[in-house]
Amino acid sequence: MLLTITTTMDPATDLGYLLYKHPDRVQRFEQSFGTAHVFYPGAEPRRCTAALLLDVDPVKLVRTRGRGTPDFSLGQYVNDRPYAASSLLASAMAGVFRTAMRGRCEPRPDLAETPIPLEIVLPALPCRGGPDQAERFFAPLGWNVSAVPVPLDPEFPAWGDSRYVTLTLTGTLRLADALNQLYVLLPVLDDAKHYWMAPDEVDKLIRAGEGWLATHPDRGTITRRYLANRRGLVRTALGRLADADESSEETLDPAQVEEEPTSEDGEEQHVSLAEHRLQSVVQALRDEDARRVIDLGCGSGKLLAQLAKDDFFSEVSGTDVSHRALTHAWRRLRWDEGRRPANDRVRDVFQGALTYADERFRGYEAAVLMEVIEHIDPPRLSAVERVVFAHAKPRVVVVTTPNAEHNVRYEGMAPGSMRHPDHRFEWTRDEFRAWAGRVADAHGYRVRHVPVGDDDPDVGAPTQMGVFTR
């Protein structure tokens, strides 16, 4: 991945003082995920360009996989990270340009405090929300923004554009400010990070955002994305930003934090939607008098915890293919050191794959697949159907999945994009009904459909739920 910084100040070669990198040298810096190279494609008194080239090592990249990395085998080897600007590039910047980002230039301290003409180019930048999102984030900071979509294939224009843009920023700013803005906004535009979010990420954000983030009109969205929607971290960061801006935390961002997109009217629908989804699933199980339940694809255990504390249910279990997700579920359920749950209603929480028949899936009155099927590759979905409806064959199956039609109601979502980078598909209401009807007919079930969330008269509810009964 490549970043170039160009200036036309007089003399332009003073850029070497600001970056602490001599124009006549090519320098190499080892990173935990590859190697960063700094060199100058051109260094003349009237125009000077410095380049940061990050060469990502695939083996090292596997060792630094982040929480948001898709949990599928080919993701380790086939991905955009070696080529597209992301948190990897931001991390390399923090190491390679550390002194410049702190605004220090001992040989020329006056130069570090002086706004200079800059042109910054990123040839390939993942941009969730499309070119308009890049404009929305960078323009309030004083940049002239050019975000040109990268086509999927120039030879086949009918295929349309990819989710990447070629970003060019021009403006007159302190170099330290420019670098810190990039450090924050690269992973924000990508909406992903390659490493686990620790509490010190708040300090990094506040430090890099000093002087600009607290007054940015989209500071709430930037903060949430940078901190990967970690609610506690976001609340802490917003509180500190409010102090810096002498504003209330609610003024900075009245929205709550979760993992769904933002609606067009500016209100965060995702927290109430997540809660509504849980309540709707629980109510469906109650309506069908299903007291022994297994959560297939339980994730971090939110539904399990809800069922475990409800006296209506007598026995609950959960399974997920991700060991990391199960670790969170065990903590949520307060399992002891012997991995036994504190609540007697919880029978078992174990690792398993829904594409293979497993005797542990059997013996329950109901099975739940809450926001699961859209994470499965379509060619493998038939295997899941057989495992759930033909092998486990509980009396009740509850399935929820996003309604793709409702995505137009979410702010910043590019046409055709999906709500989560690991989604393999998102169905319209007709597509979900067709799938559900076919599965029900093939395995001796009937199905009723329930909208979850505000049911928009034009595009339907944000989540669709099918309740199958045998």
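Predicted model: local features only at pLDDT ≥ 70, side-chain atom pairs only at ≥ 80, totals over all residues.
Axes are lines fitted to C-alpha atoms, for helices over the stretch in contact, and the angle between two of them runs from 0 to 180 degrees between N-to-C directions.

**Entry 1. Helix 7 and helix 9**

I looked up how helix 7 (residues 175-190) packs on helix 9 (residues 219-226): the angle is about 80°, and the axes are 9 Å apart. Helix 7 is therefore roughly perpendicular to helix 9. On the helix 7 side I listed Y183, V184, L185, P187, V188 and L189 as the residues making the contact, and on the helix 9 side I222, R225 and Y226.

I then followed R225, which belongs to helix 9. Is R225 buried or exposed? I found a relative accessibility of 14%, so R225 counts as buried. With neighbours up to four places away in sequence set aside, R225 touches R128, Q133, F137, V188, L189 and D191.

**Entry 2. Helix 15 and helix 16**

I next examined helix 15 (residues 378-392) against helix 16 (residues 429-443), whose axes lie 11 Å apart at an angle of about 45°. This angle makes helix 15 oblique to helix 16. I recorded the crossing of the two as right-handed. Which residues meet here? From helix 15 they are L381, E385, F389 and A390, and from helix 16 they are W435, R438, V439 and H443.

**Entry 3. Overall composition**

I counted 16 helices and 16 strands in the chain. The chain has 470 residues, of which 52% count as buried. I also looked up contacts with a sequence separation of 6 or more, and 70% of them join residues 24 or more positions apart.

**Entry 4. Helix 3**

I checked burial along helix 3 (residues 87-96). Seven of its ten residues are buried, so helix 3 is largely enclosed by the rest of the structure. I wrote the buried residues down as S87, L88, L89, A90, A92, M93 and V96.

**Entry 5. Salt bridges**

My search of the whole structure for salt bridges returned 24. I took three of them individually.

The first entry is R108 with D14, where the closest N and O atoms are 2.9 Å apart. R108 sits in the loop between helix 4 (98-101) and helix 5 (109-112), and D14 in the loop between strand 1 (2-7) and helix 1 (15-19), so this pair ties together parts that are 94 residues apart in sequence. I noted R108 as partly exposed, because its relative accessibility is 26%. D14 has a relative accessibility of 8% and therefore counts as buried. I also found D14 and R108 linked with D110 in a network of salt bridges.

The next entry is R47 with E119, whose side chains form a salt bridge at 3.5 Å, N to O. What parts does this pair tie together? R47 is in the loop between strand 3 (34-43) and strand 4 (48-56), whereas E119 is in strand 5 (residues 116-126), so the parts joined are 72 residues apart in sequence. R47 counts as partly exposed at 43% relative accessibility, and E119 counts as partly exposed at 26%.

The last entry is R104 with E106, for which I recorded 3.3 Å between the closest N and O atoms. R104 is partly exposed at 39% relative accessibility, while E106 is exposed with a relative accessible area of 60%.

**Entry 6. D295, a charged residue without a partner**

I located D295 in strand 9 (residues 292-296). D295 is buried and yet has no salt bridge. How far away is the nearest side chain of opposite charge? I found that side chain to be R332, 9.5 Å away. A salt bridge requires the side-chain nitrogen to be within 4 Å of the carboxyl oxygen. Beyond residues up to four places away in sequence, D295 is in contact with L303, L304, S317, G318, T319 and V368.

**Entry 7. R409**

I placed R409 in the loop between strand 13 (396-402) and strand 14 (410-411). R409 counts as partly exposed, because its relative accessibility is 24%. I then looked up the spacing between R409 and P462: they are 53 residues apart in sequence, and their C-alpha atoms are 8.9 Å apart in space.

Conventions
Residues numbered from 1 in each chain as written. Heavy atoms only, no water. Helix = DSSP H or I, 4+ residues; strand = E, 2+ residues; numbered from the N terminus. Buried < 20%, exposed > 50% of the residue type's maximum accessible area, 1.4 Å probe, protein only. Lys, Arg positive; Asp, Glu negative; His and termini not counted. Contact = heavy atoms within 4.5 Å. Parallel < 35°, antiparallel > 145°, perpendicular 65-115°, else oblique. Left-handed = near helix turned anticlockwise from the far one by under 90°.
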